Amino acid sequence: MDSTTRLSSSTIALHWIVAIGMIALLSSGIYMHEAENYAVYPWHKSFGVLLTIFVLWRIYLRIKNGWPTPVRQYRPVEIGLSKIVHWLLIIGTLLMPVSGMMMSGLGGHGIPLFGLELLARNPSPDNPQEVIAYSESLAFAGKVAHGLGGNILIAAIALHLLGALKHHFVDKDATLLRMLGKSK
């Protein structure tokens, strides 16, 4: 169980798994989009599906256990900003895999998981290199949400990192140490 002085090992592990996974997937997504490197997509999708399991587990524990107690009292504006950023992170880490699966799966591109087909491609009978969308409108909605959600998530991660550094170097409190499994 989480406390003001120590976070549970599951809270710490899930935080870092989801954080590193999301940063890696956001980075690979930007690379794929900018470089138009389609060879990376199956890996991006597979790791996205895998990370979804950890995201759901993290959200379940957050709902079950609530938010960790702050290590000290903060100003109301800091509390408000913290809540906004944390909610953006939670929603973003769920929105990204869901919207990615909508974009890919409903767009006819399938959803792979390291060589397994969770949802098969829907190849065009006229040209097997092309696909037919199961739902163009829902695939497009997924694409828009994935792009916009990615940008919002990047901003939320940046704010979260700045907040952690502020806690550590300006406030000199144990917030960051606690997430690293240490105590002050």
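**Figure 1. W43, F47 and F114 form one aromatic cluster.** The model is predicted: local features need pLDDT of at least 70, side-chain atom pairs count only at pLDDT 80 or more, and totals for chains, interfaces and linings use all residues. Residues are numbered from 1 along each chain as its sequence is written, and side-chain values use heavy atoms, with hydrogens and water left out. Rings of Phe, Tyr and Trp (its six-membered ring) pair if their centres lie within 6.5 Å. Planes under 30 degrees apart count as stacked, over 60 as edge-to-face and the rest as tilted. The structure holds six aromatic pairs.

**Figure 2. W67 and W87 form an edge-to-face pair.** The ring centres of W67 and W87 are 5.5 Å apart, with planes at 70°. W67 sits in the loop between α2 (41-65) and α3, and W87 in helix α3, so the pair ties together parts that are 20 residues apart in sequence. W67 is partly exposed at 38% relative accessibility. W87 is partly exposed too, with a relative accessible area of 45%. Here buried means under 20% relative accessible area, exposed over 50%, and partly exposed in between (1.4 Å probe, protein chains only).

**Figure 3. V77, L81, I84, L88, L148 and I152 form a nonpolar surface patch.** Together these residues have about 540 Å² of accessible area (Shrake-Rupley method, 1.4 Å probe; for residues, only the protein chains shown count as cover). Patch members have over 30% relative accessible area and no salt bridge; nonpolar side chains (Val, Leu, Ile, Met, Phe, Trp, Tyr) are joined within 5 Å. α3 (76-106) and α4 (136-171) each supply at least two residues. The largest share, four residues, comes from α3. L81 lies in helix α3 and is exposed, with a relative accessible area of 52%.

**Figure 4. R178 is buried yet has no salt bridge.** R178 lies in helix α5 (residues 175-179). The nearest side chain of opposite charge is D2, 7.4 Å away. A salt bridge needs a side-chain nitrogen of Lys or Arg within 4 Å of a carboxyl oxygen of Asp or Glu. Lys and Arg count as positive, Asp and Glu as negative; His and the chain ends are not counted. A polar atom of the R178 side chain lies 2.7 Å from the backbone oxygen of T69.

**Figure 5. The protein chain has five helices and two strands.** Helices (H or I, at least four residues) and strands (E, at least two) are DSSP runs, numbered from the N terminus. The elements run α-α-α-β-β-α-α from the N terminus on. Buried residues make up 34% of the 184 residues.

Definitions and conventions
Patch = residues over 30% accessible without salt bridge, like charges linked within 9 Å, V, L, I, M, F, W, Y side chains within 5 Å. Polar contact = N/O pair within 3.5 Å; in protein donor to acceptor, adjacent residues only side chain to side chain.
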